[in-house]
Amino acid sequence: MSDLSAVIEQEIELTARFVDLLTEEQEILKEGNIAALPELTSRKPPYIERLNALTGQRIMLLGLEAGAEKPGAMEQWLSRHPEDLTATVNWEKLLKLAREAKALHELNAQLVEMHLRQTSDILDILTQQSASPSLYGASGQSMPTTG
């Protein structure tokens with residue numbers, strides 16, 4: 001197995017664990033258990049940092065400079081190294097997991113947006129009630145509004 005195949009295997013393992021984390025986040029958002037989000041989101045950055053480091057290693061193994069990944073560079077490498085079947089299979093697995101992670105992330109963002117809208121609507125209702133003008137009774141004194 002080539003060094004590149006080994007790095008891609010590490011990316012697969014880490015991306016799969018990140019997908020599990022995103023799935024857990026989705027369940028928390030569906031349940032509306034917002035209090036559990038800070039702990040979960042604090043677990044995301046180490047995954048992202050490690051994935052970025054592995055991506056950098058893969059880019060260097062492709063012979064590119066750090067941060068200079070070109071679309072299709074991996075496919076070009078695979079076409080020049082048809083004997084490395086492990087890298088080809090692993091690359092496809094990684095792409096599939098990356099698509100899954102992206103879809104989960106987008107859905108989670110929509111769920112967060114939904115919770116924010118609901119919270120905003122509730123705040124609007126509460127602040128409208130307190131901002132409504134007071135009613136005056138027969139004595140000319142203000143009376144609290146009733147529900």
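**Reading a predicted helical chain**

Modeller: Buried residues, meaning those under 20% relative accessible area, with exposed over 50% and partly exposed in between (1.4 Å probe, protein chains only), make up 27% of the 147 residues in the chain. This is a predicted model, in which local features need pLDDT of at least 70, side-chain atom pairs count only at pLDDT 80 or more, and totals for chains, interfaces and linings use all residues. Residues are numbered from 1 along each chain as its sequence is written, and side-chain values use heavy atoms, with hydrogens and water left out.

Colleague: Why does His115 count as buried?

Modeller: His115, which is found in helix H5, has 16% relative accessibility, and because buried means under 20%, His115 counts as buried. His115 touches Leu29, Gly32 and Ile34, leaving aside residues up to four places away in sequence, where contact means heavy atoms within 4.5 Å.

Colleague: How do you know that the span of H1 agrees with its 29 residues?

Modeller: Helices (H or I, at least four residues) and strands (E, at least two) are DSSP runs, numbered from the N terminus, and the expected span of a helix is 1.5 Å times one less than its number of residues. For H1 this gives 42 Å, and because its end C-alpha atoms are 42 Å apart, the two values agree. H1 is followed by Gly32, whose phi is positive, near 75 degrees.
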